[in-house]
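I opened the model to look up its pocket, its sheet and a few backbone details. My entries follow in the order in which I made them.

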Amino acid sequence: MRTRSSMAAVAIFLVLGAACVFAAPPARAAGKYAVAGIDHDASVALFLRTLKIAAANNDAKKIASLAAFPLHTSVHGKPGQTVSPALFLRRYPAIFTPKVKKAVARQREKDLFVNWRGVMIGDGEVWFAPVKGGRLKIIAVNN
């Protein structure tokens, strides 16, 4: 009698244990940029490469397409917001200064700083992070 109840208890334990294993969501491997809410590390490398090419070619329209608006900007040392792509294009020379372009050009993907706010280029000249829909966008430019 005791053996039968012990076997029944073991069987129940095994069935419930198996159910828990199959019902549990799979563990997600935390990538290098997970703290910033970025699921795919390769998307950071692609974003950085795209930004580097646009900055090197002085392609203000492409850089505007990579930005989230309103964009936090620092123009002539004064913090503010650039509220639209059109305003960004008008202010582009004052926002994407030679100092900012140099920081972008020198940045290596392996040396990016990341925290809960996003990913930082240089000494904070450019910050980018996932926005609505999880797409990476520039969220701040500081010159």
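Pocket. I worked on a 1 Å grid over the protein atoms alone: a cavity is a set of points where a 1.4 Å probe fits but cannot get out, a pocket is an open set with protein on both sides within 12 Å along at least five of seven lines, and lining residues have an atom within 4 Å of a point. The largest pocket is lined by 13 residues, and nearest its centre lie Ser43, Phe47, Gly134, Arg135 and Leu136. I noted its space as about 240 Å³; grid points are joined across faces, edges and corners, and a volume is the space filled by probe spheres set on the points. The lining has 6 nonpolar, 5 polar and 2 charged residues, where Ala, Val, Leu, Ile, Met, Phe, Trp, Tyr, Cys and Pro count as nonpolar, Asp, Glu, Lys and Arg as charged, and the others, Gly among them, as polar. Helix H2 (residues 41-56) gives the largest share of this lining, 4 residues. Helices (H or I, at least four residues) and strands (E, at least two) are DSSP runs, numbered from the N terminus.

Ground rules. This is a predicted model, in which local features need pLDDT of at least 70, side-chain atom pairs count only at pLDDT 80 or more, and totals for chains, interfaces and linings use all residues. Residues are numbered from 1 along each chain as its sequence is written, and side-chain values use heavy atoms, with hydrogens and water left out.

Confidence. The mean pLDDT (the predictor's confidence in each residue, from 0 to 100) is 86, and 80% of the residues reach 70 or more. Over residues 6-27 pLDDT stays under 50, and the model has 0 contacts there beyond four places in sequence; contact means heavy atoms within 4.5 Å. Where pLDDT is low, predicted coordinates should not be read in detail.

Sheet. I traced an open, mixed sheet of 6 strands in the order E2-E1-E6-E5-E4-E3. Its edge strands, E2 (78-82) and E3 (113-115), each pair on one side only; two strands pair if DSSP finds at least two bridges between them. E5 (residues 126-130) and E6 (residues 136-142) pair in the antiparallel sense over 5 bridges. Tryptophan 127 has alanine 140 in E6 as its bridge partner.

Backbone. I found a cis peptide bond from phenylalanine 69 to proline 70, with omega near 5°; proline 70 lies in strand E1. Asparagine 58, in the loop between H2 and helix H3 (60-65), has a positive phi, near 55°, and is a residue other than glycine.
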